[in-house]
Every structure is written in C-alpha cells, then in structure tokens.
Amino acid sequence: MSRRSLEDLLAGARSPVELLRNSQIGPYAFPGVPAEFTNWRDEQRAWRESCVLFDQSYHMTDLYIEGPDVKRLLSDLGINSFEGFKKNNAKQFVACNPDGYVIGDAVLFGLEDDRVSLVGRPTAHNWVQYHAENGDYDVKVERDERYAVNPEKRRRLYRYQIQGPNAGELLEKLNGGPLPQVPFFNMYEINIGGRKVRALRHGMSGQPGAEIFGPWEERDEIKGIIIEAGEEYGLKQVGSRTYATNTLESGWIPSPCPAIYTGEQMKPYREWLPANGYEAMASLGGSFYSERIEDYYFTPYELGYGRFVKFDHDFVGREALEEMAEGPHRRKVTLVWEGEDVKEVFASLFEREGLPAKYIDLPLSNYATLPYDRVEKDGRVVGVSTYTGYSYNERSMLSLAVVDEEVAEPGSEVVLLWGEEPNSSKPTVEEHRQVEIRATVQPAPLVEFARTAYRRS
C-alpha cells in the first residue's frame with residue numbers, strides 16, 4: 001500500500017478547515033508526567049512564590065541537525081539572524097511560508113558550532129527536515145519523537161526546568177557555588193551530584209530559572225537530587241495538568257495554525273508530509289469560523305516575533321515580510337475574562353432547561369489542538385483568542401489573543417464568543433450553546449517581570 005500524504009488527505013476533504021475542525025484528536029498531549037503532584041492551584045502558586053520543577057522530557061519533538069551547512073540551512077528558513085550564532089547560543093527559531101505567515105517556532109540549541117537541536121512542537125522541525133533532505137545542504141538530521149508518537153517510549157535526553165523566585169538559590173546549591181554569568185537564552189554547565197549538566201538560562205513561567213538536560217539514563221538520579229535539594233526552597237513538582245498553563249502568564253502562544261495548507265509553492269511540502277502527522281491530525285476548534293484556512297494564519301508580527309525578523313539574510317518569506325514590516329499589525333495581548341460571565345457558564349451546568357454553555361475545563365480549557373475563538377467589539381470581529389486557561393495567581397480566566405490595534409491598548413473592553421456553532425464532531429465537544437464573555441485587554445506577557453527584567457537580563 002502506497003504512503004498517503006497530507007496532500008492526498010486534503011484532496012479528499014471539502015476544505016482544510018472542515019478536515020481540521022472535525023479531526024478526532026483533542027488538545028495537545030502532555031504525557032509521561034502525573035496530572036498533579038499536589039494540586040494544580042498550589043503548583044501554579046509555586047512558580048510565582050517559591051520554585052517549581054517542570055518535567056519536559058516527554059511532550060516535545062527533538063530534531064538534531066549536524067554538518068557544515070547547519071547555519072546556512074537555518075538562515076535560509078528562519079526569520080532570525082544567525083550572525084555570530086555558535087555553540088552555547090540559543091534562540092526562538094521562527095519559520096514562515098513564502099507569503100510571510102508562520103509555519104512554526106521552536107527553541108534552537110547550539111550544541112556545537114556545527115550541531116544544533118530544535119525542540120518543541122513538530123511544525124518547524126518538519127519544515128527544516130524537509131529542506132535538509134531535499135535541498136542542497138551538507139547536513140544530516142536525526143529525530144527523537146515526542147513520547148505520544150515514539151514507538152520506543154524512551155528519549156535521548158531528559159529535560160527539566162527549575163523556575164521561580166527561589167530558582168537561582170536552588171541552582172547555586174546544586175552547583176556548589178555561584179552560577180556562570182551568561183546572558184538570557186545562553187547555555188552553560190553546572191554540577192549536579194558530581195555530573196556535568198548543560199543548562200539554558202530561561203524562564204518559561206515568567207520567572208528566572210534554567211532548563212537543564214542530559215542523558216535519559218540519568219533522569220531519575222538527577223531529578224532525585226533536585227527534589228531533595230529543593231525542599232528548603234519550597235520546590236514543587238508540576239504535573240501535566242498544570243504545566244501547560246504557565247504560558248498564560250508568560251505570554252507565548254504555543255499553537256498557531258501552521259501556514260502550510262494552501263498555495264502551489266507549498267504543495268511539494270504537503271506531498272512530503274504524511275497523512276497521519278501533526279499537521280494532518282491536529283484539530284481546529286472554537287467560535288471563530290472561516291471557510292478560508294488562510295484566515296487562521298498569523299504573521300510573526302502578530303505573534304510578538306517582530307523583534308526576531310532580521311533582513312540581513314535571504315530567507316523564505318523575506319519579500320512578503322518586508323512589505324508587511326511597516327504595518328499596521330494586529331497585536332498579541334492577554335484577555336482577562338469577566339468573572340461574573342464565567343460564573344454564568346458554570347451555572348448553566350446546573351440548569352435543567354435548555355443547553356448548557358460549552359464546558360470550561362480547569363486549569364487548561366483548550367478542547368482542540370488549535371484553539372480559535374472570536375473576539376468582538378460592538379458586534380465586529382476584532383481578533384481571535386488562541387489559548388485559554390485559569391490562573392490561580394491572578395484569580396482569573398485568561399486567554400492569549402491577537403487583536404486589531406484599535407482594541408490592543410490595556411484596559412480596552414471586548415467580548416469573546418465561547419463555544420462552537422454548529423457544534424463540531426470532535427469527541428471533546430459536547431452539545432452546547434455559544435455564550436458571550438466580556439474581557440479586558442491587558443499586555444502579553446501579563447506578568448511584568450516577564451515583560452521587562454528577565455528577557456533583558
């Protein structure tokens with residue numbers, strides 16, 4: 001039986017939108033870690049008040065790229081500049097299609113001067129691997145799949161993050177002395193239990209900290225040492241139920257729709273992608289609906305990646321982004337949902353007459369891989385909300401959104417439409433009615449420390 005591609009799948013569907021809206025896959029999976037170690041409220045509090053241990057060993061794809069043309073390959077595909085990029089550097093790699101819309105992003109680790117790894121959801125990885133295999137590049141690639149689709153059910157590396165206001169002191173205790181002074185998003189080595197461990201200076205929850213990684217076989221040993229040392233600093237392990245909500249406070253949109261489903265220039269890529277891969281199986285959900293899949297695409301400027309766009313090199317999408325550069329651009333914001341309206345959603349579950357509103361799961365409320373909800377002002381669509389959950393630290397339902405400039409200032413009031421109409425056939429979608437929820441626009445990242453100090457330090 002011949003291999004089916006994403007392009008084959010699309011040829012048999014009425015449209016890309018209908019294919020994705022009725023996908024039977026739910027939200028992105030975070031396997032391998034218990035749902036809660038204590039409870040999700042205390043686990044959220046800990047990254048703001050003490051420190052936490054995130055176990056990221058299972059849910060992300062790792063793509064290793066090695067060879068003399070590594071930097072040229074990445075430079076040809078990424079909006080980022082690679083001038084001076086070398087061992088122990090890291091950056092948020094962002095790739096676009098020829099029209100300047102985002103295919104995906106991932107964290108790029110400079111492991112050696114000619115060896116890197118991409119870590120994250122697989123959309124950027126797939127694009128890079130396609131070009132590595134089909135372009136004129138002297139590189140080789142190796143793939144370590146995320147646990148959900150990994151037949152061996154083991155990884156090459158463990159990956160932990162220690163985050164929070166006490167993280168620095170804990171890391172120094174583990175290291176047995178002061179940490180090397182390196183800029184944000186650069187790597188260094190520390191000692192943990194007599195082992196040399198690589199660390200990235202990072203802060204996913206909007207607080208200072210580090211991401212550490214090493215051989216899979218050492219994962220239990222290293223974790224045990226961290227947990228024991230962390231007791232005096234209030235360290236809490238974060239479960240999979242809680243982990244995915246940290247981005248609501250730090251302001252990173254993790255699930256933009258990959259801009260690959262249309263266009264003749266992208267057809268060879270769709271023919272390379274399998275019919276059972278992430279791009280083919282991902283589900284699209286929410287109250288925002290358009291028959292055009294292009295209306296679900298984002299530019300780097302809309303996702304807050306404008307500062308990464310550098311025209312010091314040629315890359316896929318450069319011409320389109322040069323035309324867009326002066327704007328106007330929709331802006332990334334945080335929406336703080338009106339508590340009284342959220343209460344009404346929960347109250348509808350106890351009303352015996354009529355349909356209830358779409359259930360809001362806590363703390364993460366996404367019910368599709370690619371969540372898209374309508375944001376309105378005076379009855380007009382002014383943006384989309386893309387990632388939703390509850391923050392115990394803020395005592396609020398929050399969502400990350402991309403909105404028109406006219407409503408992007410903090411304090412602006414908008415209305416979010418919650419629920420699907422008509423209800424799609426996703427198994428995560430029960431019969432329900434749509435409701436309006438008032439929301440107030442605030443900055444993204446919402447946490448001031450994430451907006452200012454830790455990114456610059």
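This is a predicted model: local features need pLDDT of at least 70, side-chain atom pairs count only at pLDDT 80 or more; totals for chains, interfaces and linings use all residues.
**Cavities, a pocket and an annotated site**

Strand β16 (residues 380–391) contributes the most to the lining of the second largest cavity, supplying three residues. By class, the lining of the second largest cavity divides into six nonpolar residues, six polar residues and one charged residue.

In total, six cavities of 30 Å³ or more are present in the structure. The largest cavity has a volume of about 80 Å³. Its lining is formed by Phe30, Pro31, Val33, Phe54, Asp55, Tyr58, His59, Val238, Gly239, Ser240 and Tyr243. Two or more residues of this lining come from each of the elements β1 (51–55) and α8 (240–243). The lining of the largest cavity is made up of seven nonpolar, three polar and one charged residues.

Turning to pockets, the second largest pocket holds about 510 Å³ of space. Its lining consists of 24 residues, with Arg146, Val149, Asn276, Gly277 and Tyr278 lying nearest the centre of the pocket. The elements that give two or more residues to the lining of this pocket are α5 (122–134) and α11 (278–281).

In the unreviewed UniProt entry, the annotation "binding site" covers Glu211. Glu211 is located in strand β10 (residues 209–215). The relative accessibility of Glu211 is 5%, so this residue counts as buried, the cut-off for that class being under 20%. When residues up to four places away in sequence are not counted, Glu211 touches Gln56, Phe109, Arg159, Tyr160, Gln161, Arg198, Ala199, Leu200 and His202. With Gln161, one of these residues, there is also a polar contact between side chains, at 2.7 Å from the side chain of Glu211. Glu211 is thus described by its place in strand β10, by its buried state and by its side-chain polar contact with Gln161.

How values were computed
Residues are numbered from 1 along each chain as its sequence is written. Side-chain values use heavy atoms; hydrogens and water are left out. On a 1 Å grid over the protein atoms alone, a cavity is a set of points where a 1.4 Å probe fits but cannot get out, and a pocket is an open set with protein on both sides within 12 Å along at least five of seven lines; lining residues have an atom within 4 Å of a point. Grid points are joined across faces, edges and corners, and a volume is the space filled by probe spheres set on the points. Helices (H or I, at least four residues) and strands (E, at least two) are DSSP runs, numbered from the N terminus. Ala, Val, Leu, Ile, Met, Phe, Trp, Tyr, Cys and Pro count as nonpolar, Asp, Glu, Lys and Arg as charged, and the others, Gly among them, as polar. UniProt positions are given in the numbering used here, feature names are shortened, and annotations may be inferred rather than shown by experiment. Buried means under 20% relative accessible area, exposed over 50%, partly exposed in between (1.4 Å probe, protein chains only). Contact means heavy atoms within 4.5 Å. A polar contact is a pair of N or O atoms within 3.5 Å; within protein, one must be able to donate a hydrogen and the other to accept it, and residues adjacent in sequence count only if both atoms are side-chain atoms.
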